[in-house]
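Visitor: I should like to learn how to read the features of a model such as this one. Where might we begin?

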Amino acid sequence: MDAANPLFQAIIVPLVLGLALAIMLQVVGRKGWGGLAVLAGILVGYVLFKHGVPSFPPPQAIEKLFYLAIGAALLGLIVELAGAPPALERAALVLAPAAVVLWLVWRRLIGGPDLEFIVIAAVVWLGGTAFLFGLRETDKAGGAVSAAIAVVAAAIGFAIVAHLGRSDTLALHAGTVAAAAGALGLLGLATQLFAGRRDGFGLIGVLTAGTAFVTLAAVLALYTPTASRWALLLLILVPLAGTAVRPPRFQKNIPGTAANAAVAALVAAIPALAAVGLAYLAAD
Amino acid sequence: MNWTKTLLTAATLTLAGAAEAADSFKIDPDHTNIVFFVNHLGYSSMIGQFQEFSGQFTFDPAAVESNAVELTVKTASVDTDQQARDDHLRSPDFFNAAEFPEMTFKSTSVAKTGDKTGAITGDLTLLGVTKPVTLTVTFNQLMEHPLPQYNKVMVAGFSATTKLSRSEFGMTQFVPYIGDEIEIILEVEGLKM
């Protein structure tokens, strides 16, 4: 696979870089900042795949992904440094998708009111907020492995929905988010198996990965009329599925940890597969 | 002597004279084509065109530098004769037609390069990015339309070409597999307004 291959740029490099950075953060005693590895993976994948850093302010909605991911990570870092009081944490989970939607729609709204567009934007904000809350709960309950599984399942489901909706660019960006989150999940699995410690994504990781996903979802819903918006709604359920179903917790040994991960993957896969199926039926 | 009044009068007469000399033409979409060529994986050039556009230009053969042109193209009208590919071209991967329904060209200068040739430089705005682009133009002819139903309207015809780099406008997807350089050919007819 050569360096110019989009799959190499969007998936392999973010996965490897994210894992390396996450390990480095662990080594220097900053495992709570593992979410920055997710950010690094997303940004590097973007720069490689899109051939550079977008101008600021970026004219296209999809180019805003780069800066929204940075903003989300910074927001998470600020809240973490402030001690992560619950009210501030909840406010951040609401504010991040609101910022995504507002930045993506304001120019279009200046041109004149469009009720359908406003309704879609509102649904994206509400759905994005639900996604972030679900991801945060999944992370708190199951750690980095569960959170990574949720993000990977949602992102892969999104990638297929986007591809069926004629946007391979959005699909590849989703692959980058999956790879970056997957990197932190792999490290989480390793520390769980061999160190007996369950690390999480933390608020930084949740906000970064979640906001990146919400940004992609917003671009698809608002600016890709050939894609299935109903399928997109089902993907919101992916992190919520884990919190709603409450899968059984197995023993904290290697087989138990593997079983927990498998159950989490199965639960996350159900709404993702449903979304893909709906998008397939809706595609021309 | 009131120099201000004299200068203003002279300026007004000059502008009026210039406006009168340069005729305005509305681009005839039924007899105008905007075609582009892009390299596909090194095998061949894919050909596409835009079906919906509008514009106008002023033309004074005696004062070429004073001429101007404006063109607006509906990006969703991209047509490569294959529905799936056209849907893909309209997506955020390429023309992002839902977010940027139009691309525009507005001339900033016109230069005469030969008896019937010229160069029109202008601002092309595509995907929210504005960059200068220069068209190499050939003037074909200016004459009354020969068909009676056109009521002897004056028609001006031009051929133009240019090349641009799509990545400069933020359209970077799949470069270099899908070529970065786009060749554009315009065959334009305008009806005098």
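Guide: Let us begin with secondary structure. Helices, of at least four residues, and strands, of at least two, are DSSP runs numbered from the N terminus. The model before us is predicted. Its chain B contains 2 helices and 11 strands.

Visitor: In which pattern do the elements of chain B follow one another along the sequence?

Guide: The pattern is α-β-β-β-β-β-β-α-β-β-β-β-β. Of the 193 residues in chain B, 25% are buried. Among the contacts in chain B with a separation of 6 or more, 53% join residues 24 or more positions apart.

Visitor: How does one check the length of a helix, taking helix H4 of chain A?

Guide: The expected span is 1.5 Å times one less than the number of residues. Helix H4 of chain A (residues 86-110) has 25 residues and should therefore span 36 Å; its end C-alpha atoms lie 35 Å apart, in agreement.

Visitor: Against which helices do the buried residues of H4(A) pack?

Guide: They pack against helix H3 (64-81), helix H5 (115-164) and H7 of chain A. The buried residues of H4(A) include A:Ala92, A:Pro97 and A:Leu104.

Visitor: How many residues does each chain bring to the contact between chains A and B?

Guide: Chain A brings 19 residues and chain B 18 residues. On the chain A side, helix H6 (168-194) and helix H7 (202-223) each supply at least two residues, and the largest share, 3 residues, comes from H6(A). By class, that side has 9 nonpolar, 6 polar and 4 charged residues.

Terms used
Residues are numbered from 1 along each chain as its sequence is written. Chains are lettered from A and ligands numbered from 1 in the order in which they are written. This is a predicted model: local features need pLDDT of at least 70, side-chain atom pairs count only at pLDDT 80 or more; totals for chains, interfaces and linings use all residues. Two residues are in contact if their C-beta atoms, placed from the backbone, lie within 7 Å. Ala, Val, Leu, Ile, Met, Phe, Trp, Tyr, Cys and Pro count as nonpolar, Asp, Glu, Lys and Arg as charged, and the others, Gly among them, as polar. A residue is buried if 20 or more other C-beta atoms lie within 10 Å of its own, exposed if 12 or fewer, and partly exposed in between; C-beta atoms are placed from the backbone.
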